[in-house]
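Hi there,

Here is the structure I promised to pass on.

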Amino acid sequence: MNKKVLVVDDSSTMRKIIKNVLIELGIYDEFITEAVDGVDALGKVKSNNFDLILTDWNMPKMNGLTLVQNLRQLPKSEHTPIVMITTEGCREEVVSALKSGVNNYIVKPFNAEVLRNKLEPMLNKI
Ligand SMILES: [Mg+2]
């Protein structure tokens, strides 16, 4: 699948888990870009084009929520599908994530199957 995906998480283990699921779903390894925090992600979005962005919530420098707010203000990522991966399972957090423009969210801890079930329909639409 020629889809470019950005995976944003400060945990390298988490990035690896997500990346493996994406590869299982047919995304090419070389089309997956990793970023370690919101600042890193924003820089990579400015210099690349992504079809899907997966971002963690809790990260140093710039968290996922601020990242999403920034991404939605950039014309090139205004409409890019974004999935928030969060430990903040409470309703208010989810509502603020959705309000800021997240298309979908996954609550940690999750397994590969949960991730697959969320991502597969999104990947089929883009
Ligand atoms: Mg984190």
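Below is what turned up, starting with the sheet and ending with a loop residue. Please keep in mind that this is a predicted model.

**The sheet**

Five strands form an open sheet in the order S2-S1-S3-S4-S5, and their pairing is parallel. The edges are taken by S2 (32-35) and S5 (104-107); each has a single partner strand, so one side of each is left without a neighbour in the sheet. On average, neighbouring strands are turned by 15° against each other, direction ignored. Along the way you will find Val 83 opposite Asn 104 in S5.

**Helices on the sheet**

Helix H3 (residues 64-71) packs on the sheet, where it touches S1 (5-8), S3 (52-56) and S4. The direction of H3 makes about 150° with that of S3. Helix H5 (residues 112-125) lies across S3, S4 and S5, and runs at about 170° to S5.

**Two helices together**

H3 also packs with H2, at an angle of about 25° and with the axes 9 Å apart. That angle is under 35 degrees, so H2 and H3 count as roughly parallel to each other. Their crossing is right-handed. On the H2 side, the residues that meet H3 are Gly 38, Ala 41, Leu 42 and Val 45; their counterparts in H3 are Gly 64, Thr 66, Leu 67, Asn 70 and Leu 71.

In soluble globular proteins, nonpolar side chains tend to be buried together. Here the largest nonpolar core has 30 residues, and those with the most contacts inside it are Val 5, Leu 6, Val 8, Ile 53, Leu 54 and Met 84. Two or more residues come from each of S1, H1 (12-24), S2, H2 (38-47), S3, H3, S4 and H5.

**A loop residue**

Is Glu 78 buried or exposed? This residue lies in the loop between H3 and S4. Glu 78 has 10 other C-beta atoms within 10 Å, so it is exposed. Glu 78 and Gly 101 are 23 residues apart in sequence, and their C-alpha atoms are 8.9 Å apart in space.

Best wishes

How values were computed. Residues numbered from 1 in each chain as written. Predicted model: local features only at pLDDT ≥ 70, side-chain atom pairs only at ≥ 80, totals over all residues. Pairing = 2+ DSSP bridges. Helix = DSSP H or I, 4+ residues; strand = E, 2+ residues; numbered from the N terminus. Axes fitted to C-alpha atoms, helices over the stretch in contact; angles between N-to-C directions. Contact = placed C-beta atoms within 7 Å. Core = buried A, V, L, I, M, F, W, Y, C linked by C-beta atoms within 7 Å. Buried ≥ 20, exposed ≤ 12 C-beta atoms within 10 Å, placed from the backbone. Parallel < 35°, antiparallel > 145°, perpendicular 65-115°, else oblique. Left-handed = near helix turned anticlockwise from the far one by under 90°.
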